[in-house]
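Happy to walk through this one with you.

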Amino acid sequence: MTDPLPLKDRVALVTGASRGIGAALAVELATRGAHCVLIARTQGGLEETDDAIRAATGRGATLLPLDLQKAEKELDLIGPSIVERFGRLDILVHNAGVLNKLTPVAHIEPRDWAETVAVNLSAAWRLIRTCDPPLRASDAGRAVFVTTGRVLRPKAYWGMYGATKAGMEHLAMTWAQEVAATKLRVNLADPGVVATKMRALAMPGEDQATLRRPEDIAPHLAALCAPAEQRHGARVEIEAAMRGA
Ligand code: NAP
C-alpha cells in the first residue's frame with residue numbers, strides 16, 4: 001500500500017504560491033503531509049492558497065508576503081528563520097517567476113531587466129545560499145527549480161525571460177554537482193504549457209480551457225519533492241512525463 005502522507009512532518013518552502021502553479025503545488029504538498037511556508041507578494045492570493053490547504057487538510061500554511069526583488073535581507077534569513085520556527089527545512093521549490101515584457105533584446109528596459117533578473121535568477125541564488133545548510137541537514141532534502149522550455153528554444157522577443165531562466169538552470173545544476181555526495185536531490189522542472197496568469201500574458205488570445213491546469217501538473221512536481229525521489233541534476237519535462245514519453 002502506498003503511503004498517503006509521504007511528506008508527513010516535512011517542511012516545504014514554495015515561492016510564487018499566491019496563484020497558478022505554485023498555489024496548486026502548495027496544496028498538493030500539504031495534502032501529502034508537508035507543512036508549507038508560502039512566499040509571494042500578494043497577501044490575498046497567499047490567503048486563498050491557505051484556505052485551499054485548510055479545506056484539503058484541516059491544517060494551515062505559514063504565509064510570508066515578500067517581494068523577491070526587494071526583500072533581500074529577509075530572503076537571506078529565510079533558511080535560519082524556518083529552522084528556528086519549525087526545527088527543519090526539507091523541501092525548497094523556487095517556482096516564482098516573471099515573464100515581463102516580450103520585447104526585442106535591443107529594446108529591453110533596465111527596470112524590466114532588473115526585475116526579471118532579481119526574481120528568476122538572483123532569488124534562486126539567495127534561496128540556495130540560505131537554504132543549503134538545512135536542506136543538507138534533512139534526511140531527504142529536495143530542491144526543485146521551475147524552468148521553461150524557452151531555455152532550450154530561444155525565440156524572438158522572449159530573450160529576457162529565457163536568459164534569466166537559463167541562468168537559474170545553470171546555477172541550480174552547478175549546485176546539484178556540489179551536493180551530489182549528500183542526501184540532497186536537486187532538479188529542474190519544466191511544466192510545459194499551463195493555464196495561468198503568466199501564460200495569459202504571453203498568449204492573450206488563447207482559450208485557457210484547452211490547456212493543462214496547474215492542478216494537473218502539481219502531482220508531478222510534488223513527486224520531485226518526495227523522499228523516495230532519487231533523480232538528481234535532472235531536467236524533468238512534466239508535459240512529456242504526462243504523455244508517457
Ligand atoms: P503566475 O500565475 O504568473 O504565478 C507567478 C507567481 O510568482 C505568483 O505567485 C507571483 O506572486 C510570484 N511572483 C512574481 N513576482 C514575484 C516577486 N517579485 N516576489 C514574490 N513572488 C513573485 O505564473 P505561473 O505560470 O504559475 O508560473 C510559475 C512558474 O512556472 C514560473 O517560474 C514560470 O516561469 C514557470 N512556467 C510557466 C509556464 C506556463 O505555461 N504557465 C510554462 C513554463 C514555465 P505575486 O504576484 O503575488 O507576487
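Q: What share of the contacts with a separation of 6 or more comes from residues 24 or more positions apart?
A: This is a predicted model, in which local features need pLDDT of at least 70, side-chain atom pairs count only at pLDDT 80 or more, and totals for chains, interfaces and linings use all residues. Residues are numbered from 1 along each chain as its sequence is written, and side-chain values use heavy atoms, leaving out hydrogens and water. A contact means heavy atoms within 4.5 Å. Among contacts with a separation of 6 or more, the share from residues 24 or more positions apart is 74%.

Q: How much of the chain is buried?
A: Buried here means under 20% relative accessible area, with a 1.4 Å probe and protein chains only. Of the 245 residues, the buried ones make up 50%.

Q: Which residues of helix α8 are buried?
A: Helices are DSSP runs of H or I with at least four residues, numbered from the N terminus. Helix α8 covers residues 214-223, and its buried residues are Pro 214, Ile 217, Ala 218, Leu 221 and Ala 222.

Q: Why do the buried residues of α8 line one face of the helix?
A: The arc is that of the directions from the helix axis to the C-beta atoms. An α-helix has 3.6 residues a turn, so residues three or four places apart point the same way. Seen down the axis of α8, the buried residues line one face because they fall within an arc of 150 degrees.

Q: What covers the buried residues of α8?
A: Strands are DSSP runs of E with at least two residues. The cover includes strands β5 (142-146) and β6 (185-190), along with helices α1 (20-31) and α9 (238-243).
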